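Please look over the sequence and the structure first.

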Amino acid sequence: MSIGELLAATVPMVRTLNLEYLETSPERAVLALPDQSEYRNHVGGPHAGAMFTLGESASGAIVLAAFGDQLSRAVPLPVNAEIAFKKIALGPVKATATLGRPAADVVAELDAGQRPEFPVTVAIQREDGAVTGEMTVTWTLRPNG
């Protein structure tokens, strides 16, 4: 089962918004939010809450891809998130997430008994490629026990 299939099966908001996992790797995660009238805002684009969920979901997908092998000893948790809306988003949008620190550095901190924090940056784009939103989600790997 792929990370996208796993998240679609276990995270209700992913199913609610019909998010599509286009790419999921330790280097990059790309998710799409289809154009759906029930999730549009007052200007006809995707609601801000739907775009936030898209971005946060993309960040979670890359975290699982990069650190899934650490789940036996740590749980990934978002610490905080910030989003900036840059342009009107109309139609379907996609979010591309990338790690802000090398995964090896994060794991080294975990190995040293620390609780590492690391940013994930997300660009939200329209079909024409225009960036409509930018998001940063700070994650941690909380050691178990």
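Predicted model: local features only at pLDDT ≥ 70, side-chain atom pairs only at ≥ 80, totals over all residues.

Residues are numbered from 1 along each chain as its sequence is written, and side-chain values use heavy atoms, with hydrogens and water left out.

**Nonpolar core**

- A nonpolar core is a set of buried Ala, Val, Leu, Ile, Met, Phe, Trp, Tyr and Cys residues joined through side-chain atoms within 4.5 Å; buried means under 20% relative accessible area, exposed over 50%, and partly exposed in between (1.4 Å probe, protein chains only).
- The largest nonpolar core has 34 residues, of which Leu31, Leu54, Phe67, Phe118 and Val120 touch the most other members.
- At least two residues of this core come from each of helix 2 (12–17), strand 2 (29–33), helix 3 (48–67), strand 4 (93–99), helix 4 (103–111), strand 5 (117–126) and strand 6 (131–143).
- Helix 3 gives the most to this core, with 9 residues; helices (H or I, at least four residues) and strands (E, at least two) are DSSP runs, numbered from the N terminus.
- Leucine 54 is in contact (heavy atoms within 4.5 Å) with Leu19, Leu31, Ala32, Leu33, Val93, Lys94, Ala95 and Ile124, leaving aside residues up to four places away in sequence.

**Helix 4**

- Val106, Val107 and Leu110 are the buried residues named here in helix 4.
- They lie on the same side of helix 4, because they cover an arc of only 95 degrees around the axis, where the arc is that of the directions from the helix axis to the C-beta atoms.
- The exposed residues Ala104 and Asp111 are on the face of helix 4 turned away from its buried side.
- Among the elements that cover the buried residues of helix 4 are helix 3, strand 3, strand 5 and strand 6.

**Salt bridges**

- The structure holds 6 salt bridges, each a side-chain nitrogen of Lys or Arg within 4 Å of a carboxyl oxygen of Asp or Glu.
- One of them joins glutamate 134 and lysine 86 (3.8 Å, N to O).
- This pair links distant parts of the chain, 48 residues apart: glutamate 134 is in strand 6, and lysine 86 is in the loop between strand 3 (74–85) and strand 4.
- Glutamate 134 is partly exposed at 41% relative accessibility, and lysine 86 is partly exposed at 48%.
- Another joins arginine 28 and glutamate 23 (2.8 Å, N to O).
- Aspartate 128 also forms a salt bridge with arginine 126, with the closest N and O atoms 3.0 Å apart; aspartate 128 is exposed at 56%, whereas arginine 126 is partly exposed at 22%.

**Cavity and pocket**

- On a 1 Å grid over the protein atoms alone, a cavity is a set of points where a 1.4 Å probe fits but cannot get out, and a pocket is an open set with protein on both sides within 12 Å along at least five of seven lines; lining residues have an atom within 4 Å of a point.
- Grid points are joined across faces, edges and corners, and a volume is the space filled by probe spheres set on the points.
- The whole structure has 1 cavity of 30 Å³ or more.
- The largest cavity holds about 50 Å³ of space, and its lining includes Leu33, Tyr39 and Gly91.
- The largest pocket holds about 160 Å³, and helix 3 gives the most to its lining, with 6 residues.
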